[in-house]
Amino acid sequence: MPRETAPSLNEKLFFQKALEENLRIDGRAFDQFRALELEFGDEYGVADVRLGKTRIHTHISAQVTAPLPEKPFDGLFTLTTELSPMASPAFEVSRPTPTELLLSRLLEKTIRRSQALDTESLCLLAGQKVWAVRADVHVLSHDGNLVDAASIAVIAALQHFRRPDVSVEGESVVVFGLEEREPVPLSMLHFPLCVTFSFYDLGGGAGEEEGEMRVLIDATSSEEMLRDGGCTVGMNRHGEVCQIAKLGGVPVDAVVLLNCIAVAGQKVREISDFVKGRLESDRKKRDKGGWMEELRAENDRVS
Amino acid sequence: MAPSSTQQILLSPAELSYIHTSLSLSPPIRPDARTASQFRPLVAETDILPSTNGSARICFADGTEAIVGIKAEVEKSRPIYQQNVEELDLSAGAADDEDEDDEVGNGVKGLNEWVELSVEIPGFRDDDSMPVFLSAMLSEALLADGDFTKRLWINRRFHWKLYLDILLLSQPLSYPLPLLSLTTHLALLSTRLPKLKSELDEDPLFDDDWDASEFLYPRAVGKARTRPPVTLLVMAVQENIIFDPSKEELAVAEVVLAVSIGEMSPPSGGGSMEVDSGKGERDLRLLAIRTIDPPSRLTHSGVPNTLNTATGGSAAGTSEQNSSQRESVVEEGVWQPPRGGAKRKLIAAMISKVLERGGVAEEVLDGLDAVELG
Amino acid sequence: MPLDTSSYSLALLRLDGRRWNELRRLTAQISTQASADGSSYLEMGNTKVICTVSGPSEQKAAGSDRGERDKAGVRVEISVAGFSGVERKRRGRNDKRINEMATTISSAFQTNLFTNLFPHSTITLSLHLLSSDGSVLAALLNASTLALIDAGIPMKDYICACTAGSTSSYSSNDESADPLLDLNAQEELELPFLTVATLGGSDSVSVLVMETKVQVGRLEGMLAVGVDGCKQVREVLDEVVRERGSRILEGTKL
């Protein structure tokens, strides 16, 4: 199994020394994200997020299927994540790594379990026909902080996606093509995003006293490999925490954690505004045509 | 032949030979000074999990531990039309002339698929041969008499589906079959099903009161009872038959048998007469026998002095010569893995030793009876 | 919603008769299994867990995922018994939720144990969930702590865990919501809750997992109650260890 090359001792010491002097290797502030880029594809529901060198491509698709027997009124929403060897040589196709497990679980918890997508609105005919929405997350390049980037990509793609319009008459469902009728956006209840913190314990280690703690946001992959613990907070812009996952690692004072959550709230608002702006400009770009002008009112309500 | 435990014990040929020699003495001398038919002490408790219908835990002296939890769910029976018609006639007729007991007895049918048994062993995947064989052997003994599934009959449309989950909590040090079997036995004895309130073929309705529930194996005092099967491991070294072998003893066994025994209630007519004749009377039945591949076959043989250059012997030139020469030399105290099968006489002796009156099976069942049931 | 939260505000008693800051009955035993290097049995209410530790032992060839040579690896296997829930259900080994819990426990103890004392080796924790009634992750963590103590593997301090919730579901913006300690399965279904594990009696949080939506303002109260609960758990675990220790000293029963 190819393994990611662990940072050498020199790199490790250099990094620690820098942290002690309140510096990051790439010169960012501790609570600063890398440059965030968001692009939408020509198709609806395709989003491409770049966070520094991390790049994630998300594709949303929808089709009509039968609902689960235990939930006849709910549509289906599945999130699949794929870490291909393209992203990093440490990933193999058929072998789930802990990174992949955590990525898919955290996205699941943040976006699916918190009911970001209103699955009830995806129901066409109770017990017979519902929309199955599928989000495929492809990691194209891995340079740390996959979870945050993936959550931005999924949330942006979900907002960008338009599903074909349908009409239900009695028992028959007619799905209109994209040319026949203007496709409709998905109904979203809120827009949760993840912010991941990395903890570095600078204490002497053996000493009894509490070591000094450094908290970084948006760690690169080498920073992630050196961290002593991490914590991912999923929040929406209304200050609702959707999930917290501090899965082991170095113990952190409860007050520090609460602080992190406050910071996360602020970051989520910033990123949400950014995503909103991008969606807006994408809509304007698509809106150029004259006949589209007539549908403006509907689109306004949507975004 | 069932596979042997995969955990190979690391004993040298000299050690194996020592154990083998001492076990083939008459009477055999076992490493822990037990007699040939003596069992190691065990710790057992039942009804440990409130969320199950029946549960048990057994801890053997060597530290291996198992838990069995049994859960029952009501399931709709698949209709079998032809049989149904026949039975309808029969039971209708029976209801007219005979008493209730017989009526129930006539309609009752059980299917093997009503029982699902799964064995989990740490370090093994579900589809590895070891768990699969163990669960096959355990369910074989349980279903052998064809009577067991009848207990799960509710009415013509519904039945209980019984899930037996058998967990080995420790590493499989010795062959875990007897441990799992004894634990399953106790769990089945402690299994209770809610009392049925509805009648005949209505949708089943049960009594909420757990105190009113009925045991899967009814425990009427003084009445002859049927008991769930137990599977015991018996091994032989030369003519000596040894019970409850430890892992070291298994490593030198020549024959290993897994013997499943059930206890029947005698035919209902004679039952009342025999009650007085003493509690020790058990009607034991042999349900299943499996030979188990003794791990001793996989051990390496020792090298006798005549074939060892270090002791002045002459080693064979090729490995083929070596093995053929090794065959012809029988030397006392040099380990030679057992070859060939078991003699029929020996197997017969092993079985009768288990089943005979006052024999091992009775002792085990008496011991399990003494476990206080919840 | 089936859970009647209205009765809570009247009597300030929960469905099982506890007050908001009461733990369920927490009992534990250590050294339950002779063949393991360390073992424990722990009950938190009706949640029952068995943990056995084997190791530190030689690293399994190539199988260990973390290739750190100068430290021991902590491997965690969780098996959820088919009969543990209300309905019988068999879970495969690939269940992501269970694997996530295993990763969490492994990572928590990786930093808490002095793994640098056992280079080239693996410590294997094997956890069995026999009966589940809420606070599963907390029970698994507590049982692991006890079993590792029994195995004599040096650690910085106990990792003690419990759950904390908040009354009234997330949809209502009820400001007067009370925090609750140690939720059972029924409460976990209805209420927002988090699992918190702290290091010994300190406020240092080793594990914090929340999977439900909650207003950020409530979090502080929940976390405070959780951390406080962990201190109570620590007392109980410590008592178990001390009792066992004194019995060994007396030589009465090993």
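Strand 4 of chain B and strand 5 (residues 158-168) of chain B run parallel and are joined by 6 bridges. In this pairing, B:E120 has B:L167 of strand 5 of chain B as its bridge partner. The model is predicted.

**Sheet of chain B**
- The two strands belong to an open sheet of 5 strands in chain B, with the order 1-2-3-5-4 and mixed pairing.
- Strand 1 (42-46) and strand 4 (115-120) of chain B each have a single partner strand, so one side of each lacks a neighbour in the sheet.
- From one strand to the next, the twist averages 15°.
- Helix 5 (residues 177-190) of chain B packs on the sheet and touches strand 1, strand 2 (54-60), strand 3 (65-76), strand 4 and strand 5 of chain B.
- The direction of helix 5 of chain B makes about 150° with that of strand 2 of chain B.

**B:M235 in chain B**
- Strand 8 (residues 227-237) of chain B contains B:M235.
- B:M235 counts as buried because it has 24 C-beta neighbours inside 10 Å, where the cut-off is 20 or more.
- Leaving out residues up to four places away in sequence, B:M235 touches B:I242, B:P245, B:E249, B:L250, B:A253, B:V255 and B:V256.
- One of these, B:V255, is 20 residues from B:M235 in sequence, with a C-alpha to C-alpha distance of 5.4 Å.

**Chain C: make-up and sheet**
- Chain C has 5 helices and 10 strands.
- Of the 254 residues in chain C, 53% are buried.
- Among contacts in chain C with a separation of 6 or more, 72% join residues 24 or more positions apart.
- An open sheet of 5 strands in chain C has the order 1-2-3-5-4 and mixed pairing.
- Strand 1 (26-30) and strand 4 (73-80) of chain C are its edge strands, and each pairs on one side only.
- Neighbouring strands of this sheet are turned by 15° against each other on average, direction ignored.
- Strand 2 (residues 38-44) and strand 3 (residues 47-58) of chain C pair antiparallel over 7 bridges, and C:L42 stands opposite C:V49 in strand 3 of chain C.
- Helix 2 of chain C packs on the sheet, touching strand 4 and strand 5 (121-131) of chain C, and its direction makes about 145° with that of strand 4 of chain C.
- Helix 3 (residues 136-150) of chain C lies across strands 1, 2, 3, 4 and 5 of chain C, at about 150° to strand 2 of chain C.

**Contact between chains C and A**
- Chain C and chain A give 31 residues each to the contact.
- On the chain C side, the elements giving two or more residues are helix 2 (96-112), strand 8 (193-199), strand 9 (204-210), strand 10 (214-215) and helix 5 (216-250).
- Helix 2 of chain C provides the largest share of that side, 10 residues.
- The chain C side divides into 13 nonpolar, 11 polar and 7 charged residues.
- Strand 15 (residues 252-253) of chain A and strand 9 of chain C run antiparallel and are joined by 2 bridges, with A:D253 opposite C:S204.

**Chain A: annotation and helix 1**
- An unreviewed UniProt entry places "domain: Exoribonuclease phosphorolytic" at residues 32-164 and 190-265 of chain A.
- Residues 32-164 of chain A are 23% helix and 37% strand, and their end C-alpha atoms lie 39 Å apart.
- Helix 1 (residues 9-20) of chain A has 12 residues, so at 1.5 Å a residue it should span 16 Å, which agrees with the 16 Å between its end C-alpha atoms.

Definitions and conventions: Residues numbered from 1 in each chain as written. Chains lettered and ligands numbered in written order. Predicted model: local features only at pLDDT ≥ 70, side-chain atom pairs only at ≥ 80, totals over all residues. Contact = placed C-beta atoms within 7 Å. Helix = DSSP H or I, 4+ residues; strand = E, 2+ residues; numbered from the N terminus. Nonpolar A, V, L, I, M, F, W, Y, C, P; charged D, E, K, R; others polar. Pairing = 2+ DSSP bridges. Buried ≥ 20, exposed ≤ 12 C-beta atoms within 10 Å, placed from the backbone. UniProt positions renumbered as here; feature names shortened; annotations may be inferred. Axes fitted to C-alpha atoms, helices over the stretch in contact; angles between N-to-C directions. Expected span 1.5 Å × (residues − 1).
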